[in-house]
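Visitor: I am new to this structure. Please show me how to read it, one feature at a time.

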Amino acid sequence: MINRTLRSTDELISAQLVTPEHKMALDAVAQRYSVAITPAMAELMDPSDPHDPIARQFVPDARELIETDGETADPIGDEKHSPVEGIVHRYPDRALLKIVHACPVYCRFCFRRETVGPGGEFLSGDKLEAAFDYIARTPALWEIILTGGDPFILSPRRMRDITDRLTAIDHVKVIRWHTRVPLVEPDRVTAELVDALRATGKAVWISIHTNHPREFSAQGRAAIARLADAGLPLIGQTVLLRGVNDDAATLDSLFRTMVENRVKPYYLHQGDYAPGTAHLRTTIDEGQALMRALRYRLSGLAQPTYVLDIPEGFGKVPVGPAYAKPDNGSWTIDDPNGQRHPWPPIR
Ligand SMILES: *Cc1c(COP(=O)(O)O)cnc(C)c1O
Ligand code: SF4
């Protein structure tokens with residue numbers, strides 16, 4: 001039984017998640033990028049499987065030290081759109097409030113991997129006031145997205161405070177929390193935490209990050225049920241990852257598992273050009289082929305939108321596949337089996 005979060009190479013070796021001959025290389029990785037694996041995730045890993053899809057997401061890998069063309073510390077241009085510390089305001093009506101740098105786990109593919117980590121935890125004091133002040137004096141802000149880091153790592157008391165501060169701002173109608181906690185550290189989803197999310201007169205949405213069906217342990221499912229039973233609508237975000245979920249059977253099972261647990265698949269994210277993540281990235285062709293394969297076999301409820309965040313902060317866009325193609329002033333439509341049909345129909 002692992003009873004606390006693993007953070008060092010030595011702890012990973014003791015837990016038999018890595019072998020001692022990799023210690024030097026992995027110490028070098030851990031110096032550059034934060035490492036944390038919660039007991040709930042460590043317990044799901046099979047140390048005898050070199051391709052374990054849970055381990056691949058969280059156990060450091062020497063290949064993270066290899067940087068390839070196009071990779072940058074700020075792959076989606078957060079910096080450029082940050083009017084005050086902690087706020088990223090890229091679209092007119094919604095902004096991110098990055099309230100905390102820490103996460104319960106550190107994903108090896110994180111697009112904010114250069115900025116997440118333990119320490120300097122909380123946007124506090126004057127900085128927090130300045131962030132709330134920016135939201136309050138920007139009437140276009142209809143939705144605030146709490147992210148980080150992982151905001152569910154905060155104490156329920158702090159979460160309650162954030163909820164109350166946002167609730168007091170008239171023009172904010174929607175509060176969205178982005179988190180991996182319900183599956184990676186389900187015990188954190190206590191009655192107090194659920195209560196801290198309730199905001200009178202506002203819609204509160206929870207977006208759960210999940211990449212593999214095996215993440216849905218009995219405890220994780222129960223944590224998600226506590227959120228759903230409280231009336232909170234749940235959506236899911238998945239990162240398309242080589243060797244974790246880049247096959248139709250795994251995505252099929254993941255998206256079904258999400259819907260069975262009342263989580264609507266929202267986005268499937270193309271891997272960003274975060275440094276040292278080439279071994280985890282797929283091509284867009286591969287992503288489109290997977291989306292095509294899932295179109296016919298999965299309920300519409302289980303279909304996310306496949307999106308890419310354009311480097312340097314130009315925004316997220318769907319990247320296909322496209323079923324309708326212009327054809328001499330009219331259209332050709334592909335059906336899910338790959339046959340083509342004219343539109344308007346020819347009789
Ligand atoms: C992803 C993101 C959002 C939310 O985008 P949606 O398409 O509404 O989910 C908002 N602001 C920033 C800066 C983002 O990166
Ligand atoms: S939980 Fe989110 S922010 Fe934290 S390391 Fe994973 S991807 Fe990055």
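This is a predicted model: local features need pLDDT of at least 70, side-chain atom pairs count only at pLDDT 80 or more; totals for chains, interfaces and linings use all residues.

Visitor: Where does ligand 2 sit?

Guide: Ligand 2 sits in the largest pocket.

Visitor: How do I read a nonpolar core?

Guide: In soluble globular proteins, nonpolar side chains tend to be buried together. In this model, the largest nonpolar core has 66 residues. L97, I135 and W177 have the most contacts inside that core.

Visitor: What is L97 in contact with, leaving aside neighbours within four places in sequence?

Guide: Its partners include G86, I87, L123 and A131. F132, I135, I144, I145, L146 and T147 are also in contact with L97. Another core, of 25 residues, lies apart from the largest one. Among its members are L6, L12, I37 and L280.

Visitor: Which domains is the protein chain divided into?

Guide: Domain 1 covers 9-65, and domain 2 covers 79-318. Taken over C-alpha atoms, their centres are 24 Å apart.

Visitor: How many residues does the contact take from each domain?

Guide: Domain 1 gives 25 residues to the contact, and domain 2 gives 28 residues.

Definitions and conventions: Residues are numbered from 1 along each chain as its sequence is written. Chains are lettered from A and ligands numbered from 1 in the order in which they are written. Side-chain values use heavy atoms; hydrogens and water are left out. On a 1 Å grid over the protein atoms alone, a cavity is a set of points where a 1.4 Å probe fits but cannot get out, and a pocket is an open set with protein on both sides within 12 Å along at least five of seven lines; lining residues have an atom within 4 Å of a point. A molecule sits in a cavity or pocket if more than half of its atoms lie within 2 Å of its grid points. A nonpolar core is a set of buried Ala, Val, Leu, Ile, Met, Phe, Trp, Tyr and Cys residues joined through side-chain atoms within 4.5 Å. Buried means under 20% relative accessible area, exposed over 50%, partly exposed in between (1.4 Å probe, protein chains only). Contact means heavy atoms within 4.5 Å. Domain bounds come from an automatic or database domain assignment.
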